[in-house]
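Please look over the sequence and the model that follow, and keep both at hand while reading this report.

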Amino acid sequence: MKLLKKVLKWSGITLLLIIIALILVPIFFKDEIKEMVIEEVNHTLNAELSLGDFDLTFISTFPNMTIELIDTKLRGVNEFKDVTLADIRTVEAQVGFWSVIGGDQIEIDEVHIIEPKFDVRVLEDGLANYDIVKPDSVKTEEEISEPSNFKLSLNEYSIQNGQILYSDKSADMNAEIINLNHSGKGDLSADVIDFETETTMDELSYEMGGLSYLSKVKTDAVVNLLMESKENSSKFTLKENEIKLNAIAFGFDGYYEMLNEYDNMDIKLDASKATFKEFLSLIPLFYHSGYEEMLTQGQMALGGFVKGKLDKNNMPGWDFNLTVNNASIRYPDLPGQIKNIALKAGSIFPGGTDLDLMTVDVPQFHADLSKNSMDASLSMKNLMSDPYLQSKIVANIDLATLKDFVPMEAGEEYNGILDADVNIKGRMSALERSDFEAFTAEGDLALSDVVYKTPSLPNEVDVDKVKFTFAPQQLTLNELDAKMGESDFKMNGAVENYFGYLLRDETLKGTFVFKSDNLDLDELIHAPQEEVTTEATEETSINEDPVLIPGNIDFALNTAIKNTKYNGIDVKNVRGTVLLKDEIASLNNLTMDAMGGKIGLNGKYNTQDHSKPKMDFGYSLKEIDINQLARTFLTVEKLAPISKYAFGKISSDFEMTTDLTASFEPILSSITSLGDLRSNNINIKGFKNLEKLESVTKLNNISNQSIKNFKTKFKINDGKLSLTPFNVMLGKIGTDVSGYTTLDQQMDYNLKMNVPKDQIPASMIKEVEKAMSKLNALVPKLDIGGLPEYIPVNVKMKGDLKNPAITTDFKESILKATGDFKDNVVSTVTETIKDTVQAVITEQVDNAKAELEKQKQKLLADAQREADKVVAEAKKAADVLRAEGDKQANELVKAAGSNPIQKKIAEQTAKTVRAEADKKAKKVEAEGQKQGDNIMTKARAEADKLGKSL
């Protein structure tokens, strides 16, 4: 029984100690591990880490500890300084308990990433924001030699509810993943790993070269791998796996092996169970319009493989093919059926270095929609050196019948005829040498009597005729004649080198003419009232890229519009040219009649620097109605609120250059501009700021003005519209005006008014005379003259544009103008003081003062030497204390060994020891300084007594 009691006693004590440890260990080690995490990131990554919170526990995951990083953000540097690569709500990492307590490195067994947002970007030069691991060339010697605090020994990892944006400008590729859930299991520290993964995505979108290949595709994938790691290779063998995109499921068999000099692969696509209907789920038109009810028939075969060597010179071979035979599509609620669908498509490459051996073939595509039919074929080869293209398209479709075959949205309707018969055959080299007989490009594509209705447009679109004609030299738009609501438009033109553009990314050249008798832009684009933006900054929105003008486009659009309407303005006789060339969009000599005058516009939108577009813009206004201009464009009213109360004609020329944000807003700090504003006559009525000026100055006839021969220049800089000084007559008062307004509705203006004597209110003259009478009584000799004919008055208008503070020196200016009374007072007082001082001071006092000063300086010098000695001895004693503390701290760190936790605790203790030693040292120094100060204080007091004895 005694033995049993001892066992129970010590078992209970042991259990109690374990429970206490479970509670205390996270408390003791939490700050140390947090510092280790931040230190590890700073040592290994070229990025900025921020942590919202940190937690450590292991009661629920014993014998592992769980590290939680909450609200973790990883921001880029340099080119990506404004991009957040990762924004993660929670990162959970399970680490080995004993590796924390006594190991050289903390072993990470599991990682779980919860609700991450990744913004992955690759620039045109290939620089990627995910390439953030520091190379040894930029690490310090300490970072290179110091081993990592952590060791990755993963058995499991996961990503929950992740969002990923991927933009690769070097490959012209973009992808987006919504709600990614992914998990993987397997001992990643072993040489041979059975690795199991599961993945789901609510939406997967992928585009490349401007073409969309996947659009919001729901994805499910189970992929199991056998991973074998050897000294010179890593091999990944596919086991059981299935990938499902929307409704179509397929798998892969084979392996991928990474060797020292190259990669080798043999992977086969297995889609033997996929059906024609499942294949259609990848086409948004079918998947998002009654897919579940859609009925299909027919046979489909989809297969292919990738096999061979991959390195910087070689590509693996491939053979992919798709065949559809005798297929049909029908919707139960629609009368029509798409029949006789046939499709053959494939691409073959034997592998190696010669990509000219690659072929792309679509020998057959056919479908019947009742009496309508479509046929197409395509063959491409020798794509690298001398592309060969053969294609034929034949289609005749009554658009009114589409509603019988495909579900339409409510209110959507088509009418008209599509007729196409195009035949293309030949090599690119024939076009390059202008051998148009050796290259066939012929036929037409035409639309006629088209009517298109949709709820998203305010009116139906009527296309009387549009026709394209194909030829080797060019693609010609013979005519486009269309109407929408009250608007009509006609267009014609031609595009040259369209085969070079399609096959070799060469420059596409085109010239078009656009004409319209009436163009109501308010109706076409629902033009909103223009708003001024006041918060343009130099930062580019995280997920937004500038709109770029392609470098391989050379287009000219010549415009002639008789009548148009935009933002409520009636505009006539619009003429000008829009050019797209060399990544620049230019507006050349666009002229129009509007708001009672003439307007000329010129400008350029330059995107040659893809990260920071520039804009050059200029206008010329001649005899424009200023009131209509202010009421139409809110920017004008906000920068110059007086314009809303002004009536008359103005003329103005303006030029501006600025960098732009991705959202097309000017970067205020980059704006350089210059303009002028002029008018023969402007009438101003009801402007509250002038009424307030009239009230403050008590001047009459200020609020209602008729300003003649007005002219000024202005510029925009740092968000300010500044006026160069100009002169106007406010009634009979000549006034010089200067100052600025800002985009955030602030103003700062100076008015220098030359007020005639007869314009000064009688009440103010009486106040001045009273003040002058009192001043005369105090200073009898002061000569106060009469008022001059003109009084210069300064007025300050500053603050909110709608209600600025107005101050003036009107009264002071009148008093000063009476004879410089202030200067006389100062002069009289100065002379009196001077006479008094000269009467008191004698030559004997000067001599005595010099002798006493000599004694004072000797007294202070002796005291300074004594004070300096005391301070120096105190500093010496303080240095001894700091050296002893530093010695003790170094011994503590050395005794801790290589265990990262013990080392962190020792470093923290050493930090405390050094801090305590420094505290004592500073106290000694302060005491010495205090004694020195006391010596000097007493000496100064003695010196002051000597001075008072004078």
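This is a predicted model: local features need pLDDT of at least 70, side-chain atom pairs count only at pLDDT 80 or more; totals for chains, interfaces and linings use all residues.

Glu 479 belongs to strand 21 (residues 474-484), while Lys 465 belongs to strand 20 (residues 461-470), so the pair ties together parts that are 14 residues apart in sequence. Glu 479 counts as partly exposed, at 32% relative accessibility, and Lys 465 also counts as partly exposed, at 37%.

## Other salt bridges

Side chains of opposite charge can pair when their charged atoms come close. The structure holds 24 salt bridges, and one of them joins the side chains of Lys 453 and Glu 460, at 3.5 Å from N to O. Lys 453 has a relative accessible area of 31% and is partly exposed, and Glu 460 is likewise partly exposed, at 28% relative accessibility.

Another salt bridge is formed by the side chains of Lys 81 and Asp 82, where the distance from N to O is 3.4 Å. Here Lys 81 is exposed, with a relative accessible area of 55%, because a residue counts as exposed when this value is over 50%. Asp 82, whose relative accessible area is 26%, is partly exposed.

Some salt bridges share partners, and in this way Lys 875, Asp 879, Arg 882, Asp 918, Lys 922 and Glu 925 are joined into one network.

With a relative accessibility of 48%, Lys 515 counts as partly exposed.

## The two faces of helix 13

Helix 13 covers residues 810-817, and within this helix Phe 810, Ser 813 and Ile 814 are buried. When helix 13 is seen down its axis, the buried residues fall within an arc of 100 degrees, so they line one face of the helix. The face of helix 13 that is turned away from this buried side carries Glu 812 and Lys 816, which are exposed.

Methods. Residues are numbered from 1 along each chain as its sequence is written. Side-chain values use heavy atoms; hydrogens and water are left out. Buried means under 20% relative accessible area, exposed over 50%, partly exposed in between (1.4 Å probe, protein chains only). Helices (H or I, at least four residues) and strands (E, at least two) are DSSP runs, numbered from the N terminus. The arc is that of the directions from the helix axis to the C-beta atoms. A salt bridge is a side-chain nitrogen of Lys or Arg within 4 Å of a carboxyl oxygen of Asp or Glu.
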